[in-house]
Amino acid sequence: WEALLPNLPPTAMIRNLGKMTSVGLLKPLSLATKLVSDTLTNTERLKGARVHPLSILIAADTYGQGHGVKGSLTWQPVQQITAALEDAFYAAFGAVEPTGKRHLLALDVSGSMGWEHIAGTHLDARKASACMSMVTHKVEPQTHVLGFSHDLTPINISKRTSLAGVIQAIEQIPMGGTDCALPMIYALQNRLEVDAFVVYTDNETWAGQIHPSQALAQYRQATGINAKLIVVGMTATGFTIADPTDSGMLDVVGMDTSVPQVMHDFVAQ
């Protein structure tokens with residue numbers, strides 16, 4: 001591992017932090033720890049490797065736990081690495097390319113978002129949805145973020161709000177049903193011009209009186225905007241909202257580190 005480390009690309013380095021710590025290569029004040037810290041906070045290297053903030057967040061959550069979700073590998077987290085991962089999360093925003101589209105994000109604020117976990121990780125759905133919304137809000141020039149309550153409620157965050165601040169803002173909104181048609185209804189009622197509607201939930205995907213595909217069709221017809229809709233069921237084992245004949249709708253069933261790029265490409269095309 002000492003021989004491998006200098007030539008490890010950032011993605012492989014991030015993936016093996018636990019292993020390198022468990023064998024004693026990464027320890028307080030070591031040269032190896034400094035090398036890893038410098039790499040993790042190098043925006044250009046993260047950008048070159050196309051490392052998304054969600055990947056860093058999952059790695060930070062796993063590393064901080066001192067053990068993986070599966071297997072018997074354990075380690076004692078090194079403070080410098082933990083701090084570097086936190087810095088890397090924000091540095092990785094520079095690796096995300098904007099689509100230039102107008103986004104309306106709707107986040108599920110129900111209690112289950114805090115205890116349902118993304119498969120294969122220690123990360124709960126609330127933290128993951130906060131991360132994804134935070135990335136879009138910081139990177140895209142025009143973004144509006146809402147939370148599902150009895151109705152859609154604006155989430156008060158700015159481009160400078162930290163991840164902890166975004167989560168706190170979400171938790172202050174009263175819980176309500178997840179009606180995936182509401183974003184389009186809300187945009188139509190408020191005469192908002194939206195290119196991409198994105199809904200983040202755990203496994204509640206439709207609780208309304210009008211189907212989301214119908215609401216999207218009504219929005220398109222009324223505004224003349226060929227808007228797209230993405231529904232992300234982060235812990236869902238199966239659901240269907242998208243009209244299979246509509247190339248502007250996308251269902252994401254589950255969540256992993258490949259999803260952000262898929263969503264980016266879908267909105268950008």
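Predicted model: local features only at pLDDT ≥ 70, side-chain atom pairs only at ≥ 80, totals over all residues.
Residues count from 1 along each chain as its sequence is written, and side-chain values use heavy atoms, leaving out hydrogens and water. Local features need pLDDT of at least 70 and side-chain atom pairs count only at pLDDT 80 or more, while totals for chains, interfaces and linings use all residues.

**View 1. Here is the largest pocket, with about 960 Å³ of space.**
A pocket is an open set of points on a 1 Å grid over the protein atoms alone, where a 1.4 Å probe fits, with protein on both sides within 12 Å along at least five of seven lines; lining residues have an atom within 4 Å of a point. Grid points are joined across faces, edges and corners, and the volume is the space filled by probe spheres set on the points. Look for Val51, His52, Ser55, Thr257 and Pro260, which lie nearest the centre among the 43 lining residues. Elements giving two or more residues to this lining include α1 (10–15), α5 (53–65) and β4 (196–201). Helices (H or I, at least four residues) and strands (E, at least two) are DSSP runs, numbered from the N terminus. The biggest giver is α11, with six residues. By type, the lining has 21 nonpolar, 14 polar and eight charged residues. Here Ala, Val, Leu, Ile, Met, Phe, Trp, Tyr, Cys and Pro count as nonpolar, Asp, Glu, Lys and Arg as charged, and the others, Gly among them, as polar.

**View 2. Next comes the second largest pocket, with about 220 Å³ of space.**
Among the residues around it are Leu57, Asp61, Phe89, Tyr90 and Lys127. Two or more lining residues come from each of α5, α6 (79–91) and α8 (163–171), and α6 has the largest share, five residues. The lining splits into seven nonpolar, two polar and three charged residues.

**View 3. This one zooms in on Ser37, part of helix α3 (residues 31–40).**
Ser37 is buried, as its relative accessible area is 13%; buried means under 20%, exposed over 50% and partly exposed in between, with a 1.4 Å probe and protein chains only. Skipping residues up to four places away in sequence, Ser37 touches Gln80, Ile81 and Ala84. Contact means heavy atoms within 4.5 Å.

**View 4. Last up is His67, in the loop between α5 and α6.**
His67 is partly exposed, at 31% relative accessibility. Beyond its neighbours within four places in sequence, His67 is in contact with Thr62, Leu73, Thr74, Trp75 and His122. Lys19 is 48 residues from His67 in sequence, and their C-alpha atoms are 9.7 Å apart in space.
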